[in-house]
Amino acid sequence: MRTSKEITHINIDHDSRIPKYKQIIDSIINKVKDRSLSMGDRIPSINEVSEECLLSRDTVEKAYTILKKQKIIESVRGKGYYITKTDLLVESRVLFLINKASSYKMRIFNSFVNTLGTNARVDLFIYHCEPSVFQDILTNKLGRYDYYVIMPHFKSEASQHMGCTDEILKLIHSIPSKQLIIVDRNLKILPDDAGRIYQDFTEDICSALNAGVEKVKKYKKIILVYPDKAVYPYPKGIVTGFKRFCIQHDLDYELLDTIYEGMELQLKDLYIIIEEADLVNLVKQSRDHDFKLGEDLGVISYNDTPLKELLGITVMSTNFQKMGQEAANMISNRCNKTVKNDFRFIDRFSM
């Protein structure tokens, strides 16, 4: 390990609104890019940066942890931190193809970009669940990227969720499998060396409801509000898993396609709601009836958001941030794998 080029100063602007940990990361990366730092060069310890830049150890440690995850630095016990990656100017070109620009999908995308860092150029395209639009985009972009990250959700002419057509599968198969990462849905027919980070929509809702089954059983009727036809339809596996759970526990249940105006709200009904517009409508109507969520009426919402957490809404949700991180790490580590993403029941105050 060389020490001749050890950094004596990291650039921190205390008046800037950029977080201090991000300034540390940028300072080290910029020194690598302008060749002030080379492979094997030592950088200051956490304590040294903390003292020199008047920063907390936690701030410096957060920056170093991110740099270690990006494999730009490594720590050697008893010796310090050293540069281990200098090819930061060589960008991977990534096509990120999603079915809709919902807040959930964008959280996956943003997590992916942030985890990948500065070592990639990512182009985002949206095909709005339309098979023909998907085919046009992918056909025109084949061979132009190092990696293809794809969320394969499509709708039929009847605006219902459907699987991949033979034409779409053929097109996806034309991508070299080592360059392909499927996100949010599992395509089992792809080669083993293609990447997958997926949800199992049937199993996920069933296992999540089982996690809260003792509270669920306290309600007289369980109602799933599943939009049967939507601009962006949801996988049918959600309905299958819901029915499986209710039958398993001998629960009275009903399917609705929306929360209607003037609902016949009944005490001790439990609603499982997918779309946020339906959640808002139900909360409004429950207030009109002077029903209190969690006591008179139960609500479980599908997919978590910061606002639902703030309002105390019980949710079932996958980990969108982790999904993006896993996809980015496959590219960074050049190691595709199959990962079932976490799906959790988060008990709050609306049950």
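Predicted model: local features only at pLDDT ≥ 70, side-chain atom pairs only at ≥ 80, totals over all residues.
When I say that two residues touch or are in contact, I mean that they have heavy atoms within 4.5 Å of each other. Residues are numbered from 1 along each chain as its sequence is written, and side-chain values use heavy atoms, with hydrogens and water left out.

Setting aside residues up to four places away in sequence, Ile-346 touches Asp-304, Thr-314 and Val-315. Is Ile-346 buried or exposed? Ile-346 is buried because its relative accessible area is 17%, where buried means under 20% relative accessible area, exposed means over 50%, and partly exposed is in between, with a 1.4 Å probe and protein chains only. The C-alpha atoms of Ile-346 and Gln-325 are separated by 21 Å, and these two residues are 21 residues apart along the chain.

One of the partners of Ile-346 is Thr-314, which belongs to strand 15, residues 314-318. Thr-314 has a relative accessible area of 0% and is therefore buried. Among the residues that Thr-314 touches, not counting those up to four places away in sequence, are Val-299, Ile-300, Ser-301, Phe-345, Ile-346 and Asp-347.

Let me step back to the whole chain. Its secondary structure comes to twelve helices and 17 strands, and along its principal axes the C-alpha trace spans about 75 × 50 × 35 Å. Of the 351 residues, 51% count as buried. Of the contacts with a separation of 6 or more, 69% are between residues 24 or more positions apart.

Two further residues are worth a look. Phe-245 lies in helix 9, residues 237-248, and counts as buried because its relative accessibility is 0%. Leaving aside neighbours within four places in sequence, Phe-245 is in contact with Cys-206, Leu-209, Asn-210, Val-213, Val-216 and Leu-251. The C-alpha atoms of Phe-245 and Ile-205 are separated by 8.4 Å, with the two residues 40 residues apart along the chain. Thr-84, by contrast, sits in the loop between strand 3 (80-83) and strand 4 (92-98), and it counts as partly exposed because its relative accessibility is 25%. Not counting residues up to four places away in sequence, Thr-84 touches Met-39, Lys-71, Ile-72, Ile-73 and Glu-74.

Now to helix packing. Two packed helices are described by the angle between their axes and the distance between the axes. Here, helix 4 (residues 103-116) and helix 12 (residues 320-333) pack at an angle of about 40 degrees, with their axes 7 Å apart; axes are lines fitted to C-alpha atoms, for helices over the stretch in contact, and angles run from 0 to 180 degrees between N-to-C directions. The residues of this contact divide into nine nonpolar, seven polar and one charged, where Ala, Val, Leu, Ile, Met, Phe, Trp, Tyr, Cys and Pro count as nonpolar, Asp, Glu, Lys and Arg as charged, and the others, Gly among them, as polar. In helix 4 the residues involved include Tyr-104, Arg-107 and Phe-112, and in helix 12 they include Phe-320, Met-323 and Ile-331.

On a 1 Å grid over the protein atoms alone, a cavity is a set of points where a 1.4 Å probe fits but cannot get out, while a pocket is an open set with protein on both sides within 12 Å along at least five of seven lines, and lining residues have an atom within 4 Å of a point. Grid points are joined across faces, edges and corners, and a volume is the space filled by probe spheres set on the points.

The largest cavity has a volume of about 190 Å³. Which residues lie nearest its centre? Of the 18 residues that line this cavity, they are Lys-105, Asp-184, Phe-201, Tyr-234 and Asn-303. Helix 4 gives the most to this lining, with three residues.

The second largest pocket holds about 400 Å³ of space, and the closest to its centre, of 18 lining residues, are Val-283, Arg-287, Leu-293, Leu-311 and Ile-313. Helix 10 supplies the largest share of that lining, seven residues.

Terms used:
Helix = DSSP H or I, 4+ residues; strand = E, 2+ residues; numbered from the N terminus.
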